[in-house]
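Me: I would like to go through this model with you. Could we begin with the core?

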Amino acid sequence: MPLIKSNVHTHTVFCDGADTPERMVLAAISAGMDTLGFSHHSYTPFDTSYCIRDYGAYRAEVERLKGAYAQKIALLLGVELDLFGQRPPECDFVIGSVHYLKEGEKNYPVDLSPAAFASAVGEAFCGDFYAAAERYFEQVAQLAAQVSPDVYGHFDLITRFNAGGAFFDEGAARYKRAALFAAQALPAGAVVEVNLGRLFKGEGDIYPSVWLLRELNELGCRFMLSSDAHTAAALGFAFDETCARLKKYGIRQLVRYKGGVLTDVEL
Ligand SMILES: [Zn+2]
Ligand SMILES: [Zn+2]
């Protein structure tokens with residue numbers, strides 16, 4: 001049994017996931033979880049690729065599953081609410097995330113592909129990746145006031161394609177200043193994801209980067225493990241190993257949803 005028996009960052013075929021909600025439920029039960037939260041990408045008017053289209057059908061299916069599997073697992077209906085997304089009428093929890101860089105009237109996706117990222121920074125920021133990072137973290141700092149999330153999603157998604165420093169140097173003073181600006185703008189005790197989505201894909205490490213995780217810890221943030229699962233196989237991937245790593249970084253406690261309630265777990 002894993003130490004952390006909950007994941008609430010879960011995508012399905014109703015947005016950009018590969019598996020149905022029911023397959024995700026069965027996978028979570030097999031992985032030893034007692035709580036699974038669904039967090040579709042909020043409807044975002046300018047999005048053309050991954051946000052929810054048919055919220056009614058999705059909600060009906062999750063409600064059906066809540067009843068059908070009530071004896072085996074607690075299911076939550078949440079949302080991954082983009083800074084520019086529309087809040088659904090009811091949600092058990094909200095993950096607040098930034099996926100786009102806003103420049104003028106245009107919104108450029110951060111995490112579509114390396115080529116799309118490079119061309120967005122070229123067009124909107126004259127190729128200055130640090131300026132793009134500054135915009136990204138300014139927007140992260142707006143999440144608290146605009147979205148008021150329960151959980152802050154992939155805090156440094158701007159590093160999505162930056163493995164090996166492909167686009168910019170995370171150690172650069174200008175980058176660190178931008179990230180710390182957003183970190184310091186978080187409310188006291190904010191819950192920040194330790195997001196395993198990129199690690200699962202074999203395309204890089206956890207979000208946030210370790211140096212930033214340590215800074216967030218110093219600032220008094222709380223942390224929650226998130227699969228950011230787009231497939232059933234991703235659910236719970238590397239949870240125990242990540243707990244062991246976090247302990248080494250000086251993190252003593254995580255939070256997780258147990259049913260609908262945020263609960264502390266000692267590491
Ligand atoms: Zn996201
Ligand atoms: Zn997500």
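Me: How many residues are in the largest nonpolar core, and which have the most contacts inside it?
Reply: The largest nonpolar core has 77 residues. Met24, Ala133, Tyr136, Tyr152, Val192 and Met224 have the most contacts inside it. Such a core is a set of buried Ala, Val, Leu, Ile, Met, Phe, Trp, Tyr and Cys residues joined through C-beta atoms within 7 Å; buried means that 20 or more other C-beta atoms lie within 10 Å of a residue's own, with C-beta atoms placed from the backbone. This is a predicted model, in which local features need pLDDT of at least 70, side-chain atom pairs count only at pLDDT 80 or more, and totals for chains, interfaces and linings use all residues. Residues are numbered from 1 along each chain as its sequence is written, while chains are lettered from A and ligands numbered from 1 in the order in which they are written.

Me: Which helix gives the largest share of this core?
Reply: Helix 4 (residues 129-146) does, with seven residues. Helices (H or I, at least four residues) and strands (E, at least two) are DSSP runs, numbered from the N terminus.

Me: On another topic, is strand 2 mostly covered or uncovered?
Reply: Strand 2 (residues 35-41) is mostly covered, as seven of its seven residues are buried. Thr35, Gly37, Ser39 and His41 lie on one side, and Leu36, Phe38 and His40 on the other.

Me: In what sense does strand 1 pair with strand 2, parallel or antiparallel?
Reply: Strand 1 (residues 6-7) pairs with strand 2 in the parallel sense, over two bridges; pairing requires that DSSP find at least two bridges between the strands. Asparagine 7 has leucine 36 of strand 2 as its bridge partner.

Definitions and conventions: A residue is buried if 20 or more other C-beta atoms lie within 10 Å of its own, exposed if 12 or fewer, and partly exposed in between; C-beta atoms are placed from the backbone.
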